[in-house]
Amino acid sequence: MKPQLALRAIRARGVNVPMKLPLGTSAGTLRSAALLLVDVETKEGVTGHSYLFCYLPAAAPAISAMLGEIERTVKGDPIEPADLWSKLAHRFKLIGVQGIVRMAMAGFDCACWDALAIAAGVPLVTLLGGKPRRIRAYNSNGLGLMSPEAAADEAERLLEGGFRAVKLRLGYPTPEADLAAVRAVRKRLPDAVEVMVDFNQALSLAEALERGRALDSEGVAWIEEPMRHDDFRGCAELARELATPVQIGENFSLPEQMAEALAAKACDLVMPDLERIGGVTGWRRAATLAAERKLPMSSHLFPETSAHLLAVTPTCHYLEYVDWADAILAEPMKIVDGDAVIPDRPGSAMSWNEEAVKRYLIV
């Protein structure tokens, strides 16, 4: 039974945290993670936490402004995430529940669920009907566009912590360069280690077919977002033509768009993103969609909360692990033998290292 809480206030603070390993993709290079820390304070004295990945530091104030509007809309309301989502979706109907509106709503939703689990004195996974356990993870830090030798060196380092899977970014100017990077990494790693590849939407359909067919013989675990994420017809052709599984989903805008993609048979695997799928509330609907079609479902970013959700996802596949928030967390997520360990602590087990928050604060 969920505790009875009511919203008192929402606090949001932007931080820009240096990445230990730069992330070079076909869309650009990131050397820091712009995060928005969200605190939902209740009248009962319980505070729930979540964070959003803003991509650009300039986006943090805009999302904060939307969180201010959320507070004005639902202040004093009971913390019932599904009801709050419906009320807010109606409030923002004319502007659209997209972009920074959707991100703000998702961050608020996650923090509300965190508050409910804290008030109940149980981990979030327990509140959702599961129990804390280890979740298989792949290391998604770094491994961006670089020379084949450098990629192989970095891939080896990413096995620290016992990881048995890593993700390599592709989308080099030529198919030959993509293959050179894959072969260098594959040659350096043990055969038992899985290698996922991610194009970050770099290719046309024709290019994706050409490079995908070449990758079919290279032993990669999946090909992620090879082309425009919302071209479901093109993605469906890739899924039909390629032997390697096609992975999409980080850009699904709410479960409704995921349903469209699945109806089009646009992929073999799905990996929703918490701030785009609609927080915990949206994820639960997405997990039902994946289960209905027996599609393996992984997460995109936000490993601290995503681990709890994958533990109650019927078709749980892989947790995407990044350490971007570690610097501002009081107790970062632990990886043991390549598995993410869900803490046996109330909520999502996230709280802020306030000294670090001050150091990286976006003024």
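Predicted model: local features only at pLDDT ≥ 70, side-chain atom pairs only at ≥ 80, totals over all residues.
Trainee: Which helix belongs to the β-α-β unit of S6 and S7?
Mentor: The two strands are parallel. The unit they form is right-handed. Its helix covers residues 205-215 and is H7.

Trainee: In what sense do S5 and S6 pair?
Mentor: S5 spans residues 165-169, and five bridges tie S5 to S6. Lys167 stands opposite Met196 in S6. The chain passes from S5 through helix H6, residues 175-188, to S6 in a right-handed β-α-β crossover. The sense of the S5 and S6 pairing is parallel.

Trainee: How many of the five residues of S6 are buried?
Mentor: S6 runs over residues 194-198. The strand is mostly covered. The buried count is four.

Trainee: Now the cavities. What volume does the largest cavity have?
Mentor: The search of the whole structure used 30 Å³ or more and found three cavities. Strand S3, helix H3 and helix H10 each give at least two residues to the lining of the largest cavity. That lining holds seven nonpolar, three polar and one charged residue. The volume is about 70 Å³.

Trainee: How many nonpolar residues line the second largest cavity?
Mentor: This cavity holds about 40 Å³ of space. Its lining includes Leu35, Phe53, Val322 and Trp324. No polar and no charged residues occur there, and the nonpolar count is eight.

Note on methods. Residues numbered from 1 in each chain as written. Heavy atoms only, no water. 1 Å grid on protein atoms, 1.4 Å probe; cavity = no way out; pocket = protein on both sides within 12 Å on 5 of 7 lines; lining within 4 Å. Points joined across faces, edges and corners; volume = space filled by probe spheres on them. Nonpolar A, V, L, I, M, F, W, Y, C, P; charged D, E, K, R; others polar. Buried < 20%, exposed > 50% of the residue type's maximum accessible area, 1.4 Å probe, protein only. Pairing = 2+ DSSP bridges. Right-handed = clockwise from strand over helix to strand, strands pointing away.
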